[in-house]
Amino acid sequence: MRAVVVNGTRDVSVEKVADPVLAGPDGAIVQVTASALCGSDLHFYEGEFPAVGLRPGHEVVGTVVEVGADVGRIAVGDRVLVSPVIGCGRCAGCRAGNPIDCVGGGVRVLGGDVGLPGGHAEAVAVPAADAWLLPVPEDVSVDHAVLLTDALPTGWTAATRADISPGATVLVIGLGPVGLYALQAAQVLGAGRILAADRVPERLAMAERLGAEPIDATRGDLAEQVRAATGGLGADAVIEAVGQDATLSAAIASVRSSGTVSVVGVDANFAFPIAVPLLLIRNVTLRFTTAPVAATWPTLIPLIRYGRLIPVDVFTHRMPLSEAAAGYRTFADRTDGCLKVLFDPTR
Ligand SMILES: [Zn+2]
Ligand SMILES: [Zn+2]
């Protein structure tokens, strides 16, 4: 089959690779219908995490073509969502739906290490299929299904962990797909006022159309702009959806005392400096989150199905998998208004 392979920094190609095989009797093989490119894939692309030989792609929907003997809940022919965040599927944490708490080998991310090839490919092997695959309800579109594998759960979880009280002022930093869905989640959770910060005019315009107040981060210090907009207080809740030192610092500087900063941006810095006394004296809560993707589906699917959450369309680019190298480059360079890329692995 064909799959995207990372060859080095800013160098990916579509290669002929061996067809995937079952990870074990609890595994399944999913023929990929659509897979999307995500900001976190860029850490491999840009060489921030070592990745030569890695096969990326963790936002995947497809059709089950093979299951192991121990798989009971999923059958060949099922159209499925794939949770990219996976655990052993058997321990207490996994059985509670949260692979982050897996003690049977620990949490892993599909396409996140060389040993677990991802879904920018024609097919993908998923371990513990009963735990990490979900048949897609008929009335969930392919676009929404792909978004339910990461961007929507991550945006949603960012908001649920930001301690948003009804009427609260929420700041969202970073208006890529995850930030936009965090913004929409904050609305569902009852935020009164939403400030939305980014540097890209089209993204600010999108947030404004969704009802947020745009803050152009190119126009001076972000935290100063937030304080000016909030009578000097800062935001009750801040969601950081970029993953850079500068935006994480801005998030911490923008929260009001006794407020919460909820971080889902993937910062590759192992030594980020935190001004502990400032957080301590101001009673700031700081949370970092990897979304327990599968655990969010029972909440998000009904919200979407019944129109309480209408995910804004973020797929600016739809292309054949064969053009993946161009897709990665366009997305990494943010050229051509690129917000999110959807690959069709049949082409
Ligand atoms: Zn992702
Ligand atoms: Zn487990």
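**Exercise 1.** Which class of accessibility does R305 fall into at 38% relative accessibility?

*Solution.* Keep in mind that we are working with a predicted model. Buried means under 20% relative accessible area and exposed means over 50%. R305 has 38% relative accessibility, so R305 counts as partly exposed.

Next, look for a partner: the side chains of R305 and D139 form a salt bridge, with an N to O distance of 2.9 Å. R305 belongs to helix 11 (residues 293-305), while D139 sits in the loop between strand 9 (133-135) and helix 4 (142-147), so this pair ties together parts that are 166 residues apart in sequence.

**Exercise 2.** Find the protein donors of the zinc ion (ligand 2) and work out the geometry of its site.

*Solution.* Start with the atoms: the SG atoms of C88, C91, C94 and C102 are the donors, at 2.3 to 2.4 Å from the zinc ion.

Now for the angles. Four donors count as tetrahedral if all angles lie between 85 and 135 degrees. Here the 4 donor atoms give angles of 104 to 118°, and the site is tetrahedral. For reference, the ideal angle for four tetrahedral donors is 109.5 degrees. Finally, check burial: both C88 and C94 are buried.

**Exercise 3.** Describe the salt bridge between D26 and R90, and say which parts of the chain it joins.

*Solution.* The two side chains meet at 3.5 Å, N to O. D26 is in the loop between strand 2 (11-16) and strand 3 (28-36), and R90 is in the loop between strand 6 (85-86) and helix 2 (92-95), so the bridge ties together parts 64 residues apart in sequence.

Compare the accessibilities: D26, at 23%, counts as partly exposed, whereas R90, at 55%, counts as exposed. For context, this is one of 13 salt bridges in the count.

How values were computed. Residues numbered from 1 in each chain as written. Chains lettered and ligands numbered in written order. Predicted model: local features only at pLDDT ≥ 70, side-chain atom pairs only at ≥ 80, totals over all residues. Heavy atoms only, no water. Donors = N, O, S within 2.8 Å, 3.2 Å for Na, K, Ca; no water. Tetrahedral: all angles 85-135°; square planar, octahedral: opposite > 155°, others 65-115°. Buried < 20%, exposed > 50% of the residue type's maximum accessible area, 1.4 Å probe, protein only. Salt bridge = Lys/Arg side-chain N within 4 Å of Asp/Glu carboxyl O. Helix = DSSP H or I, 4+ residues; strand = E, 2+ residues; numbered from the N terminus.
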